[in-house]
There are 2 protein chains.
Amino acid sequence: MSNLEYGYLGPPGTFSEQAISNYCARYGGSTTACGSIRDIVEAVTADRVDLGLLPLENSLEGSVNLSLDLLYQHPELKLYREIVLPIEQYLLARPGVKKEEIKEIYSHPQAIAQSGDYLANEFKDAKIIYTDSTAAAAKKALADRKRAAVGSIRLAEIYELEIMAENLQGDLPNATRFVLAAKKDKDLGPNNHLGEAAASDFKTSIICAPKVNEAGVLHRILGKFAEENIDLTRIESRPSRQRLGEYIFYIDLKGCSSDQHLSSALEEVKKISSYFRLLGSYPKTVIE
Amino acid sequence: MSNLEYGYLGPPGTFSEQAISNYCARYGGSTTACGSIRDIVEAVTADRVDLGLLPLENSLEGSVNLSLDLLYQHPELKLYREIVLPIEQYLLARPGVKKEEIKEIYSHPQAIAQSGDYLANEFKDAKIIYTDSTAAAAKKALADRKRAAVGSIRLAEIYELEIMAENLQGDLPNATRFVLAAKKDKDLGPNNHLGEAAASDFKTSIICAPKVNEAGVLHRILGKFAEENIDLTRIESRPSRQRLGEYIFYIDLKGCSSDQHLSSALEEVKKISSYFRLLGSYPKTVIE
């Protein structure tokens with residue numbers, strides 16, 4: 001089992017904590033709650049934790065853009081693993097409370113949004129009150145019988161709340177995607193779980209900016225991957241923040257950078273880029 | 001002047017309100033605060049407002065992903081205008097309060113994150129406390145002399161707070177991008193400002209999904225735009241939410257769909273897409 005220390009976006013009870021606790025239950029390691037995504041990155045770069053859990057997509061708790069920007073701003077960071085957490089929203093209240101007692105429903109605006117249809121149907125007359133986090137909502141529900149909170153099942157365990165309803169988000173597939181980032185030169189010891197997977201199950205992330213900014217430039221970059229028959233799994237353009245109208249691209253690809261096809265495509269892309277960074281090749285863990 | 005009604009993400013004092021008030025000061029119209037991004041879309045589809053202001057990028061107040069998903073889920077919506085608001089963070093406190101009196105600093109986690117360097121240098125010992133919105137932080141600051149809030153200059157006006165420091169976000173260019181959406185068949189009357197601009201200053205947004213999901217498919221789509229020499233200004237892939245591993249692409253292009261080059265490229269892309277939607281061609285307003 002691993003003795004690594006993982007930084008995550010707290011407080012306890014958030015979906016970030018749910019993801020990292022599940023991960024540690026499987027592979028070992030301990031966790032440190034951080035106050036913000038920026039704090040997680042600082043804890044990693046200052047060696048206060050070994051790895052940081054950064055939310056990248058569809059997260060309730062923080063800005064995806066902020067994680068992407070911080071990865072760009074910290075070239076000393078490398079990605080080691082992707083963690084996918086299916087998001088399920090629960091309605092939680094004090095033990096024994098009945099639905100008709102509930103007059104106020106607390107949660108983070110996005111958790112409320114994801115449970116919109118359910119709440120509109122079942123709690124037409126309840127007052128919806130936004131909180132900073134789903135954990136803060138749980139605390140509110142704990143304090144009064146007329147209150148319920150929307151959030152993860154983890155909150156029920158931590159705050160000893162009862163599950164009043166489950167699957168509030170309905171049928172839509174809904175998951176948050178995180179990555180574990182550490183310093184490139186970090187000695188992570190014999191923690192094989194960070195690299196455990198068949199090479200074919202790896203994903204590779206890069207950030208690149210073209211040398212010239214003109215029509216068709218992204219088409220040319222993607223041509224290099226198409227030639228080597230490499231699948232993209234995600235692409236996003238972001239303003240470079242250096243000059244207006246200049247863009248950098250975040251691209252995720254199927255495969256490991258040690259694969260010959262991928263590595264030769266990456267070499268070609270590097271040649272036509274003014275900025276190029278391999279964020280890492282890493283396997284995926286899906287939390288159940 | 002226009003008599004249109006605009007829905008925006010409240011409460012008053014948010015950056016969303018700053019954007020829409022500035023816009024209405026220029027073009028007329030009145031505003032309605034909505035409780036969530038989902039509520040804005042509902043207000044538009046139920047004709048309670050004429051247009052809704054949706055945050056798309058780098059917003060403090062809501063999920064960009066949620067806006068993108070809602071646009072996909074509501075084919076009856078069309079985009080009419082882009083509004084770009086430069087984000088400037090101010091430190092606000094009760095009139096006459098001095099820096100050394102401040103023991104607690106309140107704001108939304110992202111406003112705090114954007115002011116990270118300034119706060120770390122100037123207020124090392126102050127306690128940072130997160131709030132739901134920058135408006136909630138302003139209310140906290142109003143209640144006690146030992147508190148300051150981080151947020152927009154609008155908060156100073158609304159809550160009669162004093163500006164203690166400005167430009168907390170530092171030198172990084174920082175802006176939030178919104179769009180105004182309305183129902184396609186909505187009669188917006190003679191509100192020329194919604195279409196006012198040279199055709200060359202228009203942007204066109206589409207959502208598309210390729211017929212086949214294989215390596216090189218995005219390369220092929222972008223090839224159609226490269227052939228017609230059309231600039232991309234943004235691209236993002238999102239999971240389709242229908243089948244795992246299927247993606248839809250959100251693409252912004254320079255130009256108006258009535259332009260012959262753009263319209264013929266769009267026709268070509270439509271042919272190789274299983275899903276294709278023109279979100280609209282629209283001009284941009286930059287708030288000063």
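This is a predicted model: local features need pLDDT of at least 70, side-chain atom pairs count only at pLDDT 80 or more; totals for chains, interfaces and linings use all residues.
**Close-up 1. Buried residues of helix 2 in chain B.** B:Ile37, B:Arg38, B:Ile40, B:Val41, B:Ala43 and B:Val44 are the buried residues to look for in helix 2 of chain B. Buried here means under 20% relative accessible area, with exposed over 50% and partly exposed in between (1.4 Å probe, protein chains only). Helices (H or I, at least four residues) and strands (E, at least two) are DSSP runs, numbered from the N terminus. Residues are numbered from 1 along each chain as its sequence is written, chains are lettered from A and ligands numbered from 1 in the order in which they are written, and side-chain values use heavy atoms, leaving out hydrogens and water.

**Close-up 2. Helix 2 against helix 3 in chain B.** The axes of helix 2 (residues 37-45) and helix 3 (residues 64-73) of chain B come within 10 Å and cross at roughly 30 degrees. Axes are lines fitted to C-alpha atoms, for helices over the stretch in contact, and angles run from 0 to 180 degrees between N-to-C directions. So helix 2 and helix 3 of chain B are roughly parallel to each other (angles under 35 degrees count as such). On one side sit B:Ile37, B:Arg38 and B:Val41 of helix 2, meeting B:Leu66, B:Ser67 and B:Leu70 of helix 3; contact means heavy atoms within 4.5 Å. By class, that contact has four nonpolar, one polar and one charged residues (Ala, Val, Leu, Ile, Met, Phe, Trp, Tyr, Cys and Pro count as nonpolar, Asp, Glu, Lys and Arg as charged, the others, Gly among them, as polar).

**Close-up 3. Two buried loop residues in chain B.** B:Lys186 is found in the loop between strand 10 (175-183) and strand 11 of chain B. B:Lys186 has a relative accessible area of 18%, so it counts as buried. Leaving aside neighbours within four places in sequence, B:Lys186 is in contact with B:Asp47, B:Val49 and B:Asp50. B:Asn191 also has its place in the loop between strand 10 and strand 11 of chain B. With a relative accessible area of 11%, B:Asn191 is buried, and its contacts, again leaving aside neighbours within four places in sequence, are B:Ser2, B:Asn3 and B:Leu4.

Note on methods. Angles under 35 degrees count as roughly parallel, over 145 as roughly antiparallel, 65 to 115 as roughly perpendicular and the rest as oblique.
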